[in-house]
Amino acid sequence: MLDFDFRDLESITMPKFFILTLFLFAFSNPILAQSVDAAAQTVKIALAQEPPQLNNMTATDQVSIFVLGHVMEGLTRYDRRGNLAPGVAERWALTEDSATFWLRKDAKWSNGDPVTAHDFVFAWRNVVDPKTASQYAFILYPVKNAEAINQGNKPLTDLGIEAIDDFTLQITLERPTGYFLKLTAFVTTFPVQEKFYRATGSAYAADSKDILYNGAFRISDWVHSASLKMEKNPNYWNSEAISLEVIDAEYITADTRARLNLFIDDKIAYTQLDGETYKDALNNQFRIKKFVTGSVYFLEYNYRPERITHNKKLRQAIQAVFDADEFVNKVLQTPGNLPGASLFPSWIMGVNKPFRQEYPAVVTRPDLAKAKQLLQEAKAELGLEAIPPLILLVSDSPTATKQAEYMQGMLKTKLDLDLKIDVQTFKQRLAKMTNGDFDIVGAGWGPDFDDIMTFGDLFASWNLNNRGRYNNPEYDRLVRKAMNSNDPEVRMAAMAGLQTIVHEDAIILPMYEQGVIYLQHPKIKGMRRTVVGSDPDFTYARIVP
Amino acid sequence: MLKYTLGRILSGLVTIWFIATATFLAMHAVPGDPLMNEKATTPEIRENLARKYGLDKPIVEQYVIYLGNMVQGDFGISFTQQNRKVNDIIQDHFPVSAALGILAITFAALGGILWGALTALYRNQLPDIIIMFLVILGISVPSFVFAALGQLLLVNINQWFNISFLPVAGWGTFAHMIVPSLVLGLGTMALLTRLMRSSMLEIVNEDFIRTARAKGLSPSRIFFQHQLRNAILPVVTVLGPQIAAITTGGFVVELVFAIPGLGRYFVQAVQQLDYTVIMGTTVFYGAFLVFMVILVDIIYGFIDPRVRLK
Amino acid sequence: MIPHPALQADDFTPELSTDSLEQLSRPSLSYWQDAWIRLKKNTRAIISLYLIIGLALFTILGPFLWTKDPSAQDLDQISQAPALPKTALLVSDYLPWTPPVDQGHPAEPTGYPDTLDAVTGFAIVGTPNTQSIRLTWSPVQDAGGYSIYRSESEPSGLQGLGLPLETIDAGNILGFEDRLNLKSQTYFYSIIPTDGLDEFDVVTTLKVTPVQSITMSQALERGLIDPSDAPGRSVSLAFHPFGTDYLGRDMLARLMQGARVSLFIGVVAPFIYVLFGVFYGGFAGYLGGKIDQFLMRFADFVVALPFLLFMILFKIGFGIGPGESGILPMLVALILLLWPSTARLVRGQVLKIREQGYIEAARLLGGRPSYLIARHIIPNTMGVILVTLTFAVPSAIFTEAFLSFIGMGVAPPTPSWGSMCNEGVKTMLSHPHELFFPALFISITVLAFNLLGDGLTEALDSKMRSRE
């Protein structure tokens, strides 16, 4: 509620201290509830927001995926070392155009029913059903006819998934998909029991009792916007491997400083820090950890012909003057971020090693003279005396504005280019992005699945997320080539070609690969950070005394 | 009186209808697609979502359907929270905000009246000057600074004494409410302090006070029976709408203290263009506000019988 | 019977004209003239007047005296606390450095070692300066990598290691370069050997104090040196008496520029909407009945509208282009949406006052409503009005900041006190000056208007005279 009368203006007056003293003994809480308990194997955490979508077929946000990853399980899962391991499926066989999964017989829903192949058929059909309107339906596009069904051109029953019997699942693929197995560990592909789903009517996943669980944990208590408690699921087939009894998200707040305060007070055992709060954490002598989230942040240009950012020389001039190293070290200031160099983050795997080690990205030091030269050429090509102010569209987040201000100052001093910062609230920014109402837009991309293609097809001409409408037949050709091949060598070579295009054509200006720093209670062992899926993963965590 | 009250209620209902209509039009006029998200979706999916939420119909029809449901007390289903009814959102979170708000208002009213009266009695003397400086400090520094400082203070107290003195954040017991409600009420307290001071000073020289003094009434009796009663009118005027505003939630305080109140929904709904939640929260707040304002009008008559509203 | 004294003719001559008796001992003063005189005698009002003049000078003359560009970024002095001018060592432009690799040492250990020795030979390469600090060490037997931490205070064992700068996952890479926001202060670098996955409990610490430095190209860009100057000499860095913000921009210059927006919005908007609210509330309260009901329900209607939504709508409606400042539209929007609280307050007072005897008397004497409201009623609600006015000042300043944040109002890099406050809040513990100064100026403004309000209340209230 934003009423700007007077209630937002507050003051410390005498009564504050007086009343505090008064209540000192009256309301002191004698029970010292701590963030971790080794005997009871409980851990307390805070969520950044209320999980808005606990229906795994439609969930898209991080918090929902975090919860779902703990309470549900797909055909495969990630083990404690982060390797793909059998989940509901005991074993599988993959070919160029099909996949067969044999399900384990002891996988059970939280109501005691076995998890069957039919539950997958129901869920997957539901995901691609246009009526469900799942934003992550594209995850299943490698399955035969999924895309056509999702666009309303084929009936649901045409989906390439079939339950041969209760425990055998047969998938027909649309095209060879090397990373198909990785998709089966993602929340969108988790099973849903049809009987239960129908019984909840329109209320599926609206509350903890409206979900059926088959994961290591189940939600035992969910008070909206207040707390969400997960308890070990006794019906889980692998429950002996699970040490934690309770994951208790006792607090829900997006305020990093509040979460840090809760951590200092030993009320939560894990919290992420940001540029503003890490110094306070340092003062408390905590052991700070870092982690690369897997997302890349960049400036995206508008390629619509009427926009001057359509001009390659102009984009190259900006590329030649931007110092990603300075940006990361002086502006972002938090450790863990890497200077942006490519569309592909450095953790993405290539054939045998990380892709960026196999195909290093071109990194150039900023070159002012070259940038000025390129800008002159751009002006000549555009037939302009001076470049008119460019519009940089950003969201109304403090970090986005700060980064935009840096770019504005930097381009003005170095190239005498004017940048107008167009700050827009969430939905208005999206509308402007979709309508192409910008020259440059601050954007970022996080991986949906653990394969290079999650980044690679971003600027393909058909990709709806390509909001600058970049259109390059060579780029499209390379994407198709990588898509239709199962051979890692071929795919990575294509992606390397693509990386070169991104740099030479200056499609985007890579700014940084996001790294975060966080605090973790020293008694928690085995908590896994991961770039795709449920992060952080407490499934195999344990509390040591 | 009955006829008068009925008239007020009727005019209040008309106001609520206007509020609903204006908000409905405004939110459809704001650019941005409530069904669009960071990840782009195909036109087919968007169409299906639009059908699900009834956004495929012409706007007039949507409006009529919405009003019809609203009259029956049904605000629909949230666009952003999975299958969650807006009625449930209000039912779940308003009591939280209300509990916190009532405590905050109590602090604010008691503190404001007390400090205000004090500053008036000691006009231009040290207590007056000190309190004025605190008030100025209070309104010149953004509220989240006080929320953050209040929380920091708690953390430090807990650390120094190694006890769980008061919870740092969260919700559940009375202890959770103390600091957040203080922070929430401080702004109103500052305003009431100044209002009370000014209106007390106006009263002090009124004839009836002089008469009372001449009559030999005790100073305390003059203070409570005559001065306070006559000076409290602006406080009541401000308190009415403030109760409606504070008990429907304070965004900043809820965020910092991790309180599951209604306040965050007001902000998030607009940011996300969650149509049904925008309408639900606005109409709810509007109705509450109109009710409080009418109540204040009625209370005027009790405080000061000279006040006639007709 | 007492005889009348005989009346003489001169008994009927007029008395000598004694005009002096009729003359007022003091000049006739209107209400407002009287108020003005008493205002001038009021110490609080005079103090406030000086404060307001001071603020005006700061805003208008300030930028002429302190000519720093408020949007110039000084990345060598980010979030600098107020301090005396600094000097820096001029160094050549930064060149990337490849850490040494010991080819004779395996990158990965064979198997998993149970223990690892602490790192030895932990040393600095070259001269450490604020451009970069380069570290090197000797390889550790069986190590599969190293973790490097940096702290601003001396760590005790494994406690307080500070920031995790880098995790190197090869045992034969023997160097690391730190460029992360370096200041000329003492740092403690700690290095821990790992087996490629887990850190071992042995730590080696090195104390480094880099010298403040500036590169040739940066110094040239900021006009601190001539192109003929060579590295090695010392350069005076830009002086920031109030420190700098998160992009190294001069706080003093930003405060001066920000004052224009904040004072304009903070003074003009409240003045107009309070004035409007006063007359609106005055008429509603005075006229009463149906008109009052109608007017007040309209006020409720305005209050209940979702503020954020309507602000976004206004922004579109006024056609503010991307990246443009829309101060006037913001002013209009603030006035349109914020007047009702004053109106309601004034109406409440008027309802009480209009029943007083003197109003009745004035009405009987034929006073028209507008006369009664302007002459009798509003002056008697002045106390309340002035309180709302003074509270409206910070309210408008912060609303401006909020609106600028969502892209309505002033566009970056133009600062305002409110938005500087909002930025400063986030680092209020590590860089308090970024919050302190804008908050101080807002406080001074609010103080000035509060004192003025107090002075005016006392001057305008005729009954207060008895107490002087």
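Reader: How many helices and strands are there in chain C, and what makes a run count as one of them?

Author: In this predicted model, chain C has 15 helices and ten strands. A DSSP run counts as a helix from at least four residues and as a strand from at least two, so the numbers refer to such runs.

Reader: What is the radius of gyration of chain C, and how is it set against a compact globule?

Author: The value for chain C is 36 Å, whereas a compact globule of 468 residues would have one near 23 Å. The C-alpha atoms of chain C fill a box of roughly 150 × 50 × 45 Å along the principal axes.

Reader: How much of chain C is buried, and why is a residue called that?

Author: Buried residues are 47% of the 468 in chain C. A residue is called buried because 20 or more other C-beta atoms lie within 10 Å of its own.

Reader: How do you know which residues of chain C and chain B are in contact?

Author: Two residues are in contact if their C-beta atoms lie within 7 Å. By that rule, 44 residues of chain C are in contact with 50 residues of chain B. Elements giving two or more residues to this side of chain C include α7 (289-304) and α15 (433-460). The residues of that side are 26 nonpolar, eleven polar and seven charged.

Reader: How many residues of chain A are in contact with chain B, and which element gives the most?

Author: On chain A, 65 residues are in contact with 76 residues of chain B. α14(A) gives the most to that side of chain A, with six residues.

Methods
Residues numbered from 1 in each chain as written. Chains lettered and ligands numbered in written order. Predicted model: local features only at pLDDT ≥ 70, side-chain atom pairs only at ≥ 80, totals over all residues. Nonpolar A, V, L, I, M, F, W, Y, C, P; charged D, E, K, R; others polar. Rg over C-alpha atoms; globule rule 2.2 N^0.38 Å. Buried ≥ 20, exposed ≤ 12 C-beta atoms within 10 Å, placed from the backbone.
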